[in-house]
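Hello, and welcome to my notebook.

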Amino acid sequence: MEQFLKCCLIRLHKIQFLVIVLGVISIGGGVECRKARKYERLEYSAINCRSHSASITEFGGVGDGKTLNTKAFQAAVNKLSQYGSDGGAQLYVPAGKWLTGSFNLTSHFTLYLHKDAVLLASQDIASWPVIEPLASYGHGRDTAGGRYISLIFGTNLTDVVVTGENATIDGQGSLWWQQFHKKKLKFTRPYLIEIMHSDNIQISNLTFLNSPSWNIHPVYSSNIIMQGITILAPVTSPNTDGINPDSCTNTRIEDSYIVSGDDCIAVKSGWDEYGIRYGMPTKQLVIRRLTCISPYSAAIALGSEMSGGIQDVRAEDIVAINTESGVRIKTAIGRGGFVKDIYVKGMTLHTMKWVFWMTGNYGSHADNKYDKNALPVIQGINYQDVVANNVSMAGRLEGISGDPFTGVCLSNVTITMAKKAKKYPWTCNDIEGTSSGVVPMPCGLLPDQGPEKVGRMCDFPAETLAIDKVVLQRCAYTMSLH
Ligand SMILES: *[C@@H]1O[C@H](CO)[C@@H](O)[C@H](O)[C@H]1NC(C)=O
Ligand SMILES: *[C@@H]1O[C@H](CO)[C@@H](O)[C@H](O)[C@H]1NC(C)=O
Ligand SMILES: *[C@@H]1O[C@H](CO)[C@@H](O)[C@H](O)[C@H]1NC(C)=O
Ligand SMILES: *[C@@H]1O[C@H](CO)[C@@H](O)[C@H](O)[C@H]1NC(C)=O
Ligand SMILES: *[C@@H]1O[C@H](CO)[C@@H](O)[C@H](O)[C@H]1NC(C)=O
Ligand SMILES: *[C@@H]1O[C@H](CO)[C@@H](O)[C@H](O)[C@H]1NC(C)=O
């Protein structure tokens with residue numbers, strides 16, 4: 001009877017408890033329910049729910065932390081890809097440690113990780129095929145040649161969800177960092193997730209640990225939601241950027257917590273002559289409710305690879321602690337492209353080297369073939385409602401001689417300097433703009449417009465982006481576990 005009860009309770013979980021009790025009393029022992037099966041109920045939000053579902057264990061997956069599951073993942077994705085035109089499919093990864101090399105995603109597909117599931121990236125270099133450099137970069141980022149494919153990779157897809165209840169994707173990056181420092185790598189290090197040439201993407205409620213390099217890299221893609229992402233890497237680890245939207249349109253990043261050895265979010269669009277030729281900007285990007293710790297880099301960097309252009313970026317409610325700078329612009333002669341219509345509203349910053357930092361001499365070129373006449377256009381950079389304390393320098397705003405950064409607007413900014421702050425809080429050259437209600441008083445290139453202008457001077461668009469209008473659905477599944 002006990003077995004029967006448990007079984008039916010699980011089977012009837014949708015119905016009220018009272019009904020179940022009544023059912024047990026009135027139906028008695030005659031119901032067919034011979035074998036106790038285990039069920040798992042899932043419910044979560046996604047851009048699309050799926051008609052089909054399977055567990056990685058059905059494809060020979062073993063979550064013991066030792067068995068290599070690359071083939072199981074790829075077999076599962078290949079099999080489930082056949083449901084693309086029939087309501088799509090979910091691949092469920094139960095609790096366990098799932099060692100794997102790189103595998104590819106498919107369209108109309110959800111990868112769902114149980115809260116106690118850990119994807120462990122293989123440390124065997126043979127698990128990482130090498131692919132071509134990105135066309136908009138011309139080169140790998142670490143070395144001139146190809147690049148190791150990302151742990152989770154997708155290209156030319158539509159409607160893809162990677163989610164969990166804060167499950168972990170562990171890049172086990174320390175070996176890669178050592179090899180990188182010793183200059184022993186032949187190819188550029190892999191990322192944890194890269195999605196290329198794709199549309200309608202959701203990556204949510206996951207923790208990313210110790211990536212070999214960048215964590216999440218959507219590139220040449222559109223309509224992307226990233227929500228509830230935790231990214232953790234040692235603050236000294238090389239190039240462990242958090243999220244890098246690169247030549248992407250209509251992207252929303254929210255409710256994320258990132259501790260990393262490089263920029264928490266780095267907005268990009270290709271490198272020098274390769275990025276100019278490819279010509280694909282990142283635009284319509286909103287970042288909100290981000291918390292960042294990155295002592296050697298920025299909370300949000302725009303560039304340095306921005307040769308396809310960056311336009312219409314909105315950052316709201318940004319918290320940074322022990323971080324080098326807030327929303328930073330990095331560019332150089334040879335980059336070409338543009339960074340324009342940038343709107344920042346609401347930053348709370350503790351222990352910063354620079355609150356504001358713009359650099360026109362970032363350097364770091366793909367090769368020596370870059371065009372010395374390709375000047376970046378930096379225009380319309382708005383910051384308002386900023387509170388910062390324990391700051392070494394308020395701002396370092398350095399444009400390019402003969403190519404000033406224009407339309408810089410600072411309003412309602414209160415900066416409390418550190419005890420050991422630099423003598424002059426601001427340095428400015430080759431910039432043009434205005435300010436109001438900024439303490440300490442900014443440099444002469446940002447003349448104060450008076451206190452009555454506070455809250456009415458710097459722009460922030462009133463209308464929301466199309467990606468903000470996407471409403472997630474509640475998806476429910478009852479998984480039968482074998
Ligand atoms: C992420 O998790 C939070 C908290 O559990 C939940 O409110 C939210 O709907 C989830 N979002 C997605 C996109 O999975
Ligand atoms: C994954 O995609 C890449 C790039 O398209 C391709 O080179 C590789 O062969 C694919 N891997 C598998 C297992 O299909
Ligand atoms: C993927 O899409 C890009 C851009 O549309 C295209 O150039 C490329 O040929 C496509 N690749 C595949 C494998 O279909
Ligand atoms: C997710 O897990 C990480 C550690 O793995 C933890 O620091 C973080 O607080 C968790 N986030 C949520 C929303 O539970
Ligand atoms: C100035 O910024 C603070 C938060 O930093 C905000 O509470 C306040 O409303 C802003 N003032 C105006 C006039 O917008
Ligand atoms: C202020 O910043 C310095 C580093 O510049 C740091 O050592 C110190 O702990 C910070 N103080 C507080 C109160 O956060």
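My entries below go from ground rules to a sheet, a ligand and some salt bridges.

**Ground rules.** I am working with a predicted model, where local features need pLDDT of at least 70, side-chain atom pairs count only at pLDDT 80 or more, and totals for chains, interfaces and linings use all residues. Residues are numbered from 1 along each chain as its sequence is written, chains are lettered from A and ligands numbered from 1 in the order in which they are written, and side-chain values use heavy atoms, with hydrogens and water left out.

**The sheet.** I looked up how the strands are arranged and found 4 of them in an open sheet, in the order β6-β11-β13-β15, with parallel pairing. For my own reference, helices (H or I, at least four residues) and strands (E, at least two) are DSSP runs numbered from the N terminus, and two strands pair if DSSP finds at least two bridges between them. Which strands stand at the edges? They are β6 (103-104) and β15 (216-219); each has a single partner strand, so one side of each is left without a neighbour in the sheet. I then followed β13 (residues 193-196), which runs parallel to β15 and is joined to it by 4 bridges. Ile193 is found opposite Ile216 of β15.

**Ligand 1.** I listed the residues around ligand 1, meaning those with a heavy atom within 4 Å of it: Ser45, Thr163, Gln202, Ser204, Asn205, Gln227 and Leu472. Taken alone, ligand 1 exposes 360 Å², and the protein buries 52% of that (Shrake-Rupley areas with a 1.4 Å probe). Strand β14 (residues 199-209) gives the most to this shell, with 3 residues. I also checked for polar contacts, which are pairs of N or O atoms within 3.5 Å. A polar side-chain atom of Gln227 is 2.9 Å from a nitrogen atom of ligand 1, and the side chain of Ser204 has an N or O atom 3.4 Å from an oxygen atom of ligand 1.

**Salt bridges.** How many salt bridges are there? I get 19, taking a side-chain nitrogen of Lys or Arg within 4 Å of a carboxyl oxygen of Asp or Glu. Arg189 and Asp142 make one of them, with their closest N and O atoms 2.8 Å apart. This pair links distant parts of the chain, 47 residues apart: Arg189 is in the loop between α4 (174-181) and β13, and Asp142 in the loop between β9 (130-131) and β10 (147-148). Is Arg189 buried or exposed? Arg189 is buried at 1% relative accessible area, while Asp142 is partly exposed at 24% (buried is under 20%, exposed over 50%, partly exposed in between, with a 1.4 Å probe and protein chains only).

**Around Arg288.** Next I turned to Arg288, which forms a salt bridge with Glu254 at 3.0 Å between the closest N and O atoms. Arg288 is in strand β19 (residues 282-293) and Glu254 in strand β17 (residues 249-259). Arg288 is buried at 13%, and Glu254 is buried at 4%. Arg288 also forms a salt bridge with Asp468, with closest N and O atoms 2.8 Å apart. Salt bridges that share partners join Arg252, Glu254, Asp255, Arg288, Arg289, Glu316 and Asp468 into one network.

Methods:
Polar contact = N/O pair within 3.5 Å; in protein donor to acceptor, adjacent residues only side chain to side chain.
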